[in-house]
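Q: I would like to learn how to read a model like this one. Please take me through it feature by feature.

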2 protein chains.
Amino acid sequence: MARPCGPENTFKPLAVLLFTTKQVVKAMEKEVAKRSQTITPFFNPRSVAVIGASGKQKKIGYVIAKNFIESFAGKIFLINPNAREILSHQCYPSLSSVPEEVELAVIAVPAKIVGEVLEECGEKGVKAAVIISSGFKESGSDGAKMEEELVMISRKYNIRLMGPNCMGVFDSSTMVDTLFIPRYRLKRPPRGKIAFISQSGASGIAFLDWAAGEKIGISKFASYGNAADVDEADLLEFLAGDSETKVIAMYLEGIKEGRKFASVAREVTKNKPVIVLKSGATGSGARAALSHTGSLSGSDEIFNAVVKQTGMIRVYDWEEMFDIARALAYQPGARGNRVAVITNGGGAGVMIADEIEKQGMKLADLREKTLSGLAAKFPPHVTLRNPMDLGGDADNERFQDALGAVIEDDSVDSIILVCIPHTPSIDLESFVDMVLDTKGKNDKPLTICLPGGRVSLEIRELFEENEIPTYPTPARAALSLSALVRYGRLKNGA
Amino acid sequence: MARPCGPENTFKPLAVLLFTTKQVVKAMEKEVAKRSQTITPFFNPRSVAVIGASGKQKKIGYVIAKNFIESFAGKIFLINPNAREILSHQCYPSLSSVPEEVELAVIAVPAKIVGEVLEECGEKGVKAAVIISSGFKESGSDGAKMEEELVMISRKYNIRLMGPNCMGVFDSSTMVDTLFIPRYRLKRPPRGKIAFISQSGASGIAFLDWAAGEKIGISKFASYGNAADVDEADLLEFLAGDSETKVIAMYLEGIKEGRKFASVAREVTKNKPVIVLKSGATGSGARAALSHTGSLSGSDEIFNAVVKQTGMIRVYDWEEMFDIARALAYQPGARGNRVAVITNGGGAGVMIADEIEKQGMKLADLREKTLSGLAAKFPPHVTLRNPMDLGGDADNERFQDALGAVIEDDSVDSIILVCIPHTPSIDLESFVDMVLDTKGKNDKPLTICLPGGRVSLEIRELFEENEIPTYPTPARAALSLSALVRYGRLKNGA
């Protein structure tokens with residue numbers, strides 16, 4: 001059975017020798033666009049059917065139906081042979097009885113009838129199906145056979161499948177939301193520029209809830225479970241073309257098809273940064289991954305080689321993942337690795353100097369002109385070098401002068417600002433305005449370290465809302481800046 | 001001039017050859033106790049004088065006077081020649097006019113009159129002085145000379161000095177509080193078992209405020225500034241004998257006397273864990289430290305050798321410092337390095353398996369009896385190995401069974417519990433009770449990974465209040481447990 005979409009038959013090596021480079025690039029782009037179009041209905045369907053919708057609050061089919069009814073703008077069809085109405089919404093006994101076209105099907109029925117339901121989807125002309133149901137490959141050989149059947153059906157009808165055994169999709173713009181945990185229990189993150197895809201459903205939603213708590217904006221989320229059809233590479237390729245996504249973060253335990261993944265990743269990182277958290281890095285982790293999703297996580301050396309070749313950024317914890325993702329989502333890549341540090345706490349400056357060296361960056365040698373200009377304005381106890389320690393008595397104005405000067409200094413590629421917000425001379429509210437006023441004056445990336453507890457949390461959030469990535473510790477601010485330096489280097493082809 | 005206390009003349013090599021080991025140990029203990037007694041008045045004085053107390057809200061002398069008046073239980077004498085009353089409290093024109101004994105003096109007057117004030121302290125019989133004032137060694141050679149004079153005066157009168165150029169002391173029990181940032185701006189942490197000493201004042205208070213925000217309990221805090229007299233080693237030695245302190249965390253930029261510090265640290269770690277965050281680890285950091293506190297941070301290799309020899313635990317960021325400090329404050333050291341992991345999210349289990357191997361621990365091989373006992377209770381999709389993945393549908397009871405079984409299993413030395421709290425089957429409130437019920441049933445250290453945003457924050461705090469260290473990410477939970485394994489090894493002499 002021929003199949004125009006899907007990885008298996010579209011990822012053949014292109015016969016490039018007879019074409020010019022331009023023709024080849026165009027042909028490749030067309031192929032990519034065609035493949036990506038088949039993923040679009042998962043995130044932006046005109047209509048959706050919830051198969052297995054339920055009126056019982058504890059049921060997965062209830063939560064999913066409720067999510068769509070509450071916020072999805074397209075057409076919604078609830079399917080349940082035993083109900084006439086769910087959540088005051090008309091219910092259809094079967095998909096075939098729906099009088100209109102259905103683009104996306106969300107399937108939450110017992111494993112043994114998923115095949116039957118998918119056949120019905122095929123006959124109805126459904127383009128994409130999220131199969132929430134578990135009980136397939138992950139549960140043994142019988143399940144694996146059933147999963148193979150799903151793949152056969154999907155090919156027969158040209159339906160793209162996500163799952164089975166997955167949480168599915170959350171799109172903060174269209175509000176497709178198949179996450180079957182109620183919203184009071186799992187907060188959905190605000191709209192934003194970070195796309196996040198996760199092989200593990202439970203870890204995925206835990207990250208997502210954490211992001212929501214930290215008010216980190218997410219464009220799209222997908223948990224693709226057993227990856228019977230749609231896998232990490234398909235999603236990566238699709239997100240590369242998504243105008244709402246500026247940076248892509250992935251949580252992987254293994255990779256379905258290494259060559260395909262590497263080839264896609266190499267293309268994507270030319271335009272968007274890709275951050276990858278891959279567990280199973282050690283022998284113990286790899287064995288655990290095998291028993292969890294049946295993933296062969298493969299050799300970590302090979303994976304590291306792929307990371308290096310493709311220009312992805314590898315991280316080891318999700319705090320690190322979102323720290324770096326925020327920096328990449330908000331700030332430009334750096335033109336070079338020379339960093340200026342401005343601080344009102346000498347100790348934090350020292351810690352940042354350490355991190356800068358560890359992360360392969362260096363402290364900028366500030367120009368004589370910059371230093372003499374500031375010397376004329378500042379009291380003698382200000383340390384006029386880099387890190388620039390403005391002193392515990394620094395007020396907003398002193399920060400403003402220093403920040404303005406290093407922005408102008410052509411020996412500086414990027415800036416870390418440290419503000420210990422407890423000193424009486426800092427006026428916190430107007431400090432935010434002062435920093436924001438410098439936006440647009442240059443394209444030098446900036447990260448902020450604003451230590452302290454909940455007293456400073458509000459200010460950190462103000463900065464975040466205005467796309468200045470802000471961190472509570474020096475190490476996190478410096479590590480995040482280093483991602484901007486690395487990504488800048490990649491973009492500049494260095 | 002003879003001086004019974006203070007490091008310079010008490011740290012001479014003891015002539016041990018003529019004594020038995022027992023006698024030597026006793027003599028050494030006596031020496032230590034004697035030295036530590038001279039530090040006690042900083043934290044627990046019967047009476048305190050605030051010299052430079054002020055009625056003007058913006059002044060340092062106002063904030064310090066207010067702190068003491070609000071919460072200190074001992075006698076308070078405010079000294080200011082130009083005021084009769086401050087904050088409805090009688091004011092004395094000079095220290096000599098105070099009719100009673102003064103044990104601790106807090107000096108917040110301009111640098112040029114500090115010497116004169118200290119002479120007065122000496123004549124009055126003051127035992128300890130915190131010199132908040134700056135303008136000494138850190139500001140150049142004139143200041144350095146003035147600082148030397150302070151040291152001369154302190155020796156003449158046997159006064160111990162903290163500072164100058166410091167934030168001084170905070171004691172959550174006696175409420176000595178010389179931190180001159182108002183409490184609405186800098187939250188004070190609750191009482192607890194972690195002592196924290198910091199060379200840098202600004203970084204110190206930033207950490208402290210962060211700890212307060214995270215509700216991390218602190219026993220004692222000291223920022224000792226230029227360390228003209230009392231230094232990191234003196235404080236370390238004193239805290240070793242402090243019954244309220246279970247773990248000591250230090251932030252250093254350099255070490256005043258390397259040999260003395262190493263010798264003290266080696267003794268202290270036999271009884272209490274010592275965590276050290278030392279900046280200036282790289283060339284860039286060391287140069288920055290030199291211009292900040294004038295510290296020669298020395299070679300990082302040498303420092304690492306000292307860390308290894310003395311059994312201290314080195315960290316690189318303050319999040320890491322307090323993560324580990326909480327684990328060591330609440331939980332016992334582990335008997336060995338075999339860890340059991342229980343999770344309801346497979347992905348987090350895989351990440352923890354990775355971290356366990358990276359941190360030099362290993363996944364315990366659970367006993368056949370443990371596994372067969374659980375197999376009889378659990379549905380077939382539960383992964384009966386280590387990490388034990390209880391499945392996304394795990395409820396409190398399943399967690400309880402698993403936790404109970406690994407506590408009993410003699411192949412297990414410590415436990416990491418991962419709870420993805422978003423799944424509908426978990427009842428969060430009683431989950432806390434369930435875990436707390438296992439306390440006292442064993443002495444196996446336990447850390448918890450409870451991912452998610454502000455939804456889980458409250459539960460994390462509940463665990464914290466009950467001394468179960470709880471972290472939002474797998475890496476942080478595993479790293480913190482590893483400190484318990486390392487400290488357990490040190491205590492067992494391995």
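## Reading the model

A: Start with one loop: B:Pro387 sits between helix H14 (368–377) and strand S16 (388–389) of chain B. Helices (H or I, at least four residues) and strands (E, at least two) are DSSP runs, numbered from the N terminus. The model is predicted, so to speak of a local feature takes pLDDT of at least 70, side-chain atom pairs count only at pLDDT 80 or more, and totals for chains, interfaces and linings use all residues. Residues are numbered from 1 along each chain as its sequence is written, while chains are lettered from A and ligands numbered from 1 in the order in which they are written.

Q: Which residue does a cis peptide bond join to B:Pro387?

A: B:Asn386, with omega about 0°. In chain A, a cis peptide bond joins A:Asn386 and A:Pro387, again with omega about 0°. A:Pro387 lies in the loop between helix H14 (368–377) and strand S16 (388–389) of chain A.

Q: What is the value of phi at A:Lys215?

A: Near 55°, a positive value in a residue other than glycine. A:Lys215 is in the loop between helix H7 (201–213) and strand S10 (218–223) of chain A.

Q: What rotation superposes chain B on chain A?

A: Copies are superposed by least squares on the C-alpha atoms of residues with pLDDT of at least 70 in both. Here the rotation is 180°, with 0.0 Å of shift along its axis and an RMSD of 0.1 Å. The two copies are thus related as by a two-fold rotation axis. In chain B, the C-alpha nearest the axis belongs to B:Glu319, 5.8 Å from it. Both copies use the same surface: 100% of the contact residues of chain B recur in chain A.

Q: How many residues does the contact take from each chain?

A: Residues are in contact if their C-beta atoms, placed from the backbone, lie within 7 Å. The contact takes 66 residues from chain B and 66 residues from chain A. Among the elements of chain B giving two or more residues are helix H7 (201–213), helix H12 (318–330) and helix H13 (346–358). The largest share of that side, eleven residues, comes from H13(B). By class, the side of chain B divides into 26 nonpolar, 26 polar and 14 charged residues. Ala, Val, Leu, Ile, Met, Phe, Trp, Tyr, Cys and Pro count as nonpolar, Asp, Glu, Lys and Arg as charged, and the others, Gly among them, as polar.

Q: How do I read a packed helix pair?

A: Two packed helices are described by the angle between their axes and the distance between the axes. Axes are lines fitted to C-alpha atoms, for helices over the stretch in contact, and angles run from 0 to 180 degrees between N-to-C directions. Helix H8 (residues 232–240) and helix H9 (residues 258–268) of chain B pack at about 15°, axes 9 Å apart. H8(B) and H9(B) are therefore roughly parallel (angles under 35 degrees). Their contact has seven nonpolar, no polar and three charged residues.

Q: At what angle do H9 and H11 of chain A pack?

A: Helix H9 (residues 258–268) and helix H11 (residues 300–310) of chain A pack at about 30°, with axes 8 Å apart. H9(A) and H11(A) are therefore roughly parallel to each other as well. A:Ala262, A:Ala265 and A:Arg266 of H9(A) make the contact with A:Val306, A:Gln309 and A:Thr310 of H11(A).

Notes. Contact = placed C-beta atoms within 7 Å. Parallel < 35°, antiparallel > 145°, perpendicular 65-115°, else oblique.
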